[in-house]
Amino acid sequence: HQHPATQLSYQLPNLIKVIHIVQENEYLEDIARKYKTTPEEIQHWNNLSHQAFLKKNQQLIIWRKNTT
């Protein structure tokens, strides 16, 4: 007999944490498109200001939905 709370957890969107390494001449818009998210989300997840410039080899945390 399953606890109701256990069943609920399966219905939540499953997010996968991805570490993205910024490449040369790569912009937030490019990265957002690649992961099907928005530049604003990436800024929020990484505490970046709107004027923040990405540096080559900078690590960005991306939360993407598990589509499997």
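Q: What makes the pattern of the protein, read along the sequence?
A: The order is α-β-α-α-β. The protein has 3 helices and 2 strands. Both kinds are DSSP runs, numbered from the N terminus: helices are H or I with at least four residues, strands are E with at least two. This is a predicted model, where local features need pLDDT of at least 70, side-chain atom pairs count only at pLDDT 80 or more, and totals for chains, interfaces and linings use all residues. Residues are numbered from 1 along each chain as its sequence is written, and side-chain values use heavy atoms, leaving out hydrogens and water.

Q: Where is glutamine 43, and which residues does glutamine 43 touch?
A: Glutamine 43 sits in helix α3, residues 39-45. Contact means heavy atoms within 4.5 Å. Leaving aside residues up to four places away in sequence, glutamine 43 touches Leu28, Leu48, Ser49 and His50.

Q: What share of the 68 residues in the protein is buried?
A: Buried residues make up 25%.

Q: Where does pLDDT stay under 50?
A: Over residues 6-10. pLDDT is the predictor's confidence in each residue, from 0 to 100. For residues 6-10 the model has 1 contact beyond four places in sequence. Where pLDDT is low, the predicted coordinates should not be read in detail. The protein has a mean pLDDT of 83, and 78% of its residues reach 70 or more.

Conventions: Buried < 20%, exposed > 50% of the residue type's maximum accessible area, 1.4 Å probe, protein only.
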